[in-house]
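Here is a short briefing for a first look. Please have the sequence and the model open as you read.

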Amino acid sequence: MAQLSDDCFAFGGPMLSVDEAVALITARVTAVRETETVSLEQADGRVLAHDIAAPLPLPPFTNSAVDGYAVESRDLPREAERAIPVAGRVPAGASAQAAARGHAVRIFTGAPMPEGTDTVFMQEDVRIDDNGHVVLPPGLRPGANVRPAGEDIPLGHVALKAGQRLRPQDVALAAAFGLARLDVARRIRVAVFSTGDELAAPGTPRAPAQLFDSNRFMLLAMLRRLGCEVDDLGILRDQSAALAKALQKAAAGHDLILTTGGVSTGEEDHVKAGVESVGRLVLWRMAIKPGRPVAMGIIAGTPFIGLPGNPVASFVTFVHVVRPTVLALSGAAITHSLPMPVRAAFSYKKKSGRREYVRVTLRKREDGVLEAVKFPREGAGLLSSLVDTDGLAELGEVVTRVEPGDTIGFLGYASLL
Ligand code: AMP
Ligand code: MG
């Protein structure tokens with residue numbers, strides 16, 4: 001079972017920057033060791049367990065990049081066009097034959113280059129004369145329209161690294177190597193709870209002072225996108241003893257316990273007390289807005305993360321704390337997408353020393369530049385602010401104000417998960 005080492009509890013006091021939080025997580029979380037073998041069809045999104053060195057070069061043999069005529073470069077016309085006889089025909093999949101000296105070979109895309117040829121004329125660039133000879137225009141570069149063996153990936157090159165979360169193009173590469181099955185890290189198992197007396201599960205009756213639990217379904221979906229096996233353990237009520245019992249039970253059989261709500265320092269924030277009675281806990285005051293404290297801890301050897309209850313704070317802290325923890329537990333390399341430069345269409349003031357995420361929508365201006373329009377309201381409880389926008393503008397620690405026309409960094413929602 002993965003462990004967080006105890007010394008992370010030294011970090012209860014000062015504000016943690018986002019980068020410090022991620023560094024602490026990666027230093028202290030141990031990846032699951034178990035691996036499993038999956039077919040290519042099941043490999044998307046899984047974390048590769050071992051490096052893959054090219055077992056064959058790509059392309060495996062030198063071949064034509066176009067439909068046309070293969071010739072030897074010494075037969076290339078220099079100044080005027082030149083007609084040469086055609087002998088032989090190599091479609092894709094056919095074995096290459098040797099070309100007769102001074103002859104062109106009819107060839108198709110992907111077919112192996114006939115021995116003795118090194119250049120291909122595109123069929124659009126030639127014509128066949130009355131003698132059945134191919135008329136070659138002057139000016140083609142020797143080696144044109146040929147894909148040499150290994151030009152994509154040489155034999156033995158480490159093309160996919162352990163820790164890579166496989167994307168469709170990575171799966172394609174493994175397939176191109178002829179590999180049918182891949183060793184991947186087993187999925188991590190995450191227990192998810194919501195907490196709060198005010199929550200009603202969708203599909204059940206809602207009392208007048210209740211709202212439907214929305215965070216749990218957001219978190220379950222986000223975890224699934226990260227390749228986790230999730231256990232939806234429902235809603236815990238604001239009662240520390242029962243909460244503690246449920247969390248302790250969840251520690252067995254899960255690699256991570258995730259809750260939302262109840263982690264501020266108010267007297268109705270029962271998660272803190274609950275966790276402290278069965279494990280160890282620290283409140284991370286992160287220098288991030290929206291954010292509020294995030295609780296990190298260990299319950300019976302299993303890492304615990306308690307996210308704030310406000311939906312937007314929950315979303316943003318998931319991205320910055322849960323995502324890196326899940327990746328570290330899964331043995332995946334922690335990747336960040338680089339914010340894309342866009343033009344601010346709003347003004348904004350902020351404190352230095354903390355990172356802020358502003359919900360924005362993108363629009364394209366006549367000059368082709370993308371402009372970020374800020375969602376008109378700021379509350380961390382506004383689900384519409386996540387639904388009706390395209391992503392987050394990232395305003396770094398040193399920024400204190402944004403004016404219309406400034407260049408700011410934009411992170412699309414898809415790139416954050
Ligand atoms: P808390 O962090 O428990 O103090 O909750 C902060 C705010 O988030 C309160 O208004 C809660 O009602 C709301 N909230 C807490 N949990 C959820 C949830 N699972 N879904 C939607 N809203 C929530
Ligand atoms: Mg609460």
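Predicted model: local features only at pLDDT ≥ 70, side-chain atom pairs only at ≥ 80, totals over all residues.

Residues are numbered from 1 along each chain as its sequence is written, chains are lettered from A and ligands numbered from 1 in the order written, and side-chain values use heavy atoms, without hydrogens and water.

**Largest pocket**

- The largest pocket holds about 410 Å³ of space.
- A pocket is an open set of points on a 1 Å grid over the protein atoms alone, where a 1.4 Å probe fits, with protein on both sides within 12 Å along at least five of seven lines; lining residues have an atom within 4 Å of a point.
- Its volume is the space filled by probe spheres set on the points, which are joined across faces, edges and corners.
- The lining has 24 residues, and Glu198, Leu199, Gly261, Gly309 and Asn310 are the closest to the centre.
- Strand 14 (189–195) and strand 16 (211–212) each give at least two lining residues.
- Strands are DSSP runs of E, at least two residues, numbered from the N terminus.

**Strand 25 and its partners**

- Strand 25 (residues 355–364) pairs with strand 20 (residues 288–289) in the parallel sense, over two bridges.
- Strands pair if DSSP finds at least two bridges between them.
- Ile288 stands opposite Arg355.
- Strand 27 (residues 391–395) runs antiparallel to strand 25, with five bridges.
- Val360 stands opposite Gly391 there.
- Strand 26 (residues 370–374) is also antiparallel to strand 25, with five bridges.
- Arg363 has Glu371 as its bridge partner in strand 26.
- Five residues lie between strands 25 and 26 in their hairpin, where Gly368 takes a positive phi near 90°.

Notes: Helix = DSSP H or I, 4+ residues; strand = E, 2+ residues; numbered from the N terminus.
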